[in-house]
Amino acid sequence: MFETVIGLEVHCQLNTKTKIFCSCPTSFGDEANSHVCPTCLALPGALPVLNEEAVKKAISFGTAVNATINRKSVFDRKNYFYPDLPKAYQISQWTIPIVEHGELFIAADGQSKRIGITRAHLEEDAGKNNHESSRSLVDLNRAGTPLLEIVSEPDMRSADEAVAYLKKLHSILRFLNISDANMQEGSFRCDVNVSIRPQGEQKLYTRVEIKNLNSFKFIQKAIEFEIERQIEAWQDGKYEQEVVQETRLFDTAKLITKPMRSKEDSAEYRYFPDPDLLTVIVDDEMLAAAQQIPELPDQKKARYVRELGVKEKDAEIIISTYENARFFEDLIAAGHEPKLCVSWLTVELAGRLKNGVTIEDSPVGSAKMSELLSAIEGDAVSQKAAKEVLDYLMEHDEAVSSVIDKLGLRQVSDDGAILEIIARVMSQNEDKVADYRGGKDKLFGFFVGQVMKEGKGAFNPAKVNELLKQKLG
């Protein structure tokens with residue numbers, strides 16, 4: 001039997017307006033090399049100036065994960081050459097990072113498990129290489145974008161735990177609003193370190209790094225493949241030959257990892273303090289301001305359960321993403337009943353979001369959903385009919401009230417119209433009326449069904465029940 005040992009390094013792009021050491025914008029998807037300056041290009045004489053907002057966002061993260069905030073930290077030069085790094089070194093924090101010794105908790109086997117966070121340090125991102133058939137082009141728009149690299153302890157023991165940790169981390173970053181953490185755009189990238197050891201041993205064996213994974217699905221698959229590969233090598237007596245300290249890439253088509261390069265040690269990067277940047281000193285005022293953080297996912301979950309009576313399982317779904325929680329709180333702020341909000345968000349709307357469409361991209365936003373819930377609570381439409389309205393709204397951008405009328409689903413609560421149908425149903429079923437009055441109470445459901453059928457589903461069920469009881473006696 002083997003035990004898996006997993007540690008994760010996450011590179012998170014901070015959502016500052018400008019880069020970490022210059023005033024170039026950090027916007028994504030613009031024309032290549034349109035956001036560069038002498039500092040980005042490493043031209044002679046250009047000097048870096050630290051972005052204070054990046055420091056504040058790093059402190060906010062450290063606060064959220066119960067970490068130590070180092071009041072003094074330094075920037076170092078990490079030396080290596082690659083086309084997307086014009087200086088031939090990256091400015092990072094090696095000796096003293098801004099954040100150390102944090103933690104977060106995940107659910108594992110039905111229990112809470114602590115995952116240690118070794119450090120979180122600030123650094124600059126590199127540019128992007130675009131490889132074509134006969135040449136490679138370099139876009140330096142991303143060069144200098146502020147990154148927070150978050151390094152975990154090797155505390156995870158399965159792919160499931162690793163993904164749970166990443167989802168929790170992703171959620172914290174979004175709730176803090178320090179990063180959009182968009183995995184498709186590379187704002188949240190993960191390097192996975194995987195090793196195995198015989199069950200019960202404490203020794204750490206050779207670890208393999210899988211580089212630049214940017215989807216939870218592929219992270220899961222990459223870890224599972226690498227675990228299997230290492231176990232097979234051990235069992236075949238080829239562990240030392242096939243499992244070496246190296247960086248591997250994940251082939252998303254074949255779902256396998258492949259060698260990329262031998263893994264560098266820190267000595268190969270020749271770290272030394274950056275002479276162009278002073279020591280970062282966090283004063284009392286900056287620390288106090290940056291530590292004023294918003295309500296985090298676990299805190300929201302506890303509040304939903306305690307104050308709104310939401311079931312714990314439902315609260316877990318709601319806080320699973322920042323967008324979900326914001327949508328839910330928009331509905332609550334509009335005065336809707338919590339149980340109704342939960343049902344229409346986590347069941348009805350979620351069930352209609354197909355093919356990767358997220359709540360953020362939903363054609364029915366919180367304002368439109370609030371209109372629909374108001375119609376339900378005001379007895380303008382039944383919950384069953386409201387589902388038809390929601391189906392229509394997923395395809396058409398129209399007012400809820402007009403859709404209800406267009407589909408002929410407006411609920412009738414007029415006593416006169418309902419009493420007319422009740423009288424007709426009773427006259428057509430005099431034998432059943434006699435049976436009901438003779439003690440066959442179960443026939444009441446028959447009468448409700450007949451009246452609702454005659455009313456073509458437009459009658460308010462509560463009003464039908466009330467009037468039928470009066471008439472049947």
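Helices (H or I, at least four residues) and strands (E, at least two) are DSSP runs, numbered from the N terminus. On that basis, the protein chain holds 16 helices and 16 strands. This is a predicted model, in which local features need pLDDT of at least 70 and side-chain atom pairs count only at pLDDT 80 or more, while totals for chains, interfaces and linings use all residues. Residues are numbered from 1 along each chain as its sequence is written, and side-chain values use heavy atoms, with hydrogens and water left out.

**Overall dimensions and surface**

- The radius of gyration of the protein chain is 30 Å, whereas a compact globule of 473 residues would have one near 23 Å; the radius is taken over C-alpha atoms, and the globule rule is 2.2 Å times the number of residues to the power 0.38.
- Along its principal axes, the C-alpha trace spans about 95 × 55 × 50 Å.
- Of the 473 residues, 48% are buried, where buried means under 20% relative accessible area, exposed over 50%, and partly exposed in between (1.4 Å probe, protein chains only).
- The accessible surface comes to about 23800 Å², with 50% of it belonging to carbon and sulfur atoms; these areas come from the Shrake-Rupley method with a 1.4 Å probe, and for residues only the protein chains shown count as cover.
- Among contacts (heavy atoms within 4.5 Å) between residues at least 6 apart in sequence, 67% join residues at least 24 apart.

**The nine-stranded sheet**

- Nine strands form an open sheet with mixed pairing, in the order E2-E6-E7-E10-E1-E11-E12-E13-E14; two strands pair if DSSP finds at least two bridges between them.
- Strand E2 (68-69) and strand E14 (256-262) stand at the edges with a single partner strand each, so one side of each has no neighbour in the sheet.
- E2 pairs with strand E6 (residues 99-108) in the antiparallel sense over two bridges, and here Ile-69 stands opposite Val-99.
- Val-99 also stands opposite Ala-120 in E7, as E6 and strand E7 (residues 111-124) are antiparallel partners over nine bridges.
- The hairpin of E6 and E7 has two residues between the strands, and Asp-109 takes a positive phi near 55° there.
- On to E10: seven bridges join E7 to strand E10 (residues 146-152), again running antiparallel, with Glu-123 opposite Leu-147.

**Strand E11, a buried element of the sheet**

- Eleven of the eleven residues of strand E11 (residues 188-198) are buried, so the strand is largely enclosed by the rest of the structure.
- In a regular strand the side chains alternate between the two faces of the sheet.
- One side of E11 carries Phe-188, Cys-190, Val-192, Val-194, Ile-196 and Pro-198, and the other carries Arg-189, Asp-191, Asn-193, Ser-195 and Arg-197, all of them buried.
- Strand E1 (residues 2-13) pairs with E11 in the antiparallel sense over eleven bridges, and Glu-3 has Arg-197 as its bridge partner in E11.
- E11 also runs antiparallel to strand E12 (residues 208-213), joined by four bridges, where Val-208 is the bridge partner of Val-194.

**A look at Ile-196**

- Ile-196 lies in strand E11 and counts as buried, at 0% relative accessibility.
- The C-alpha atoms of Ile-196 and Phe-2 are separated by 6.4 Å, although these residues are 194 residues apart along the chain.
- Leaving aside neighbours within four places in sequence, Ile-196 is in contact with Phe-2, Glu-3, Tyr-205, Ile-227, Gln-230, Ile-231, Trp-234 and Tyr-239.
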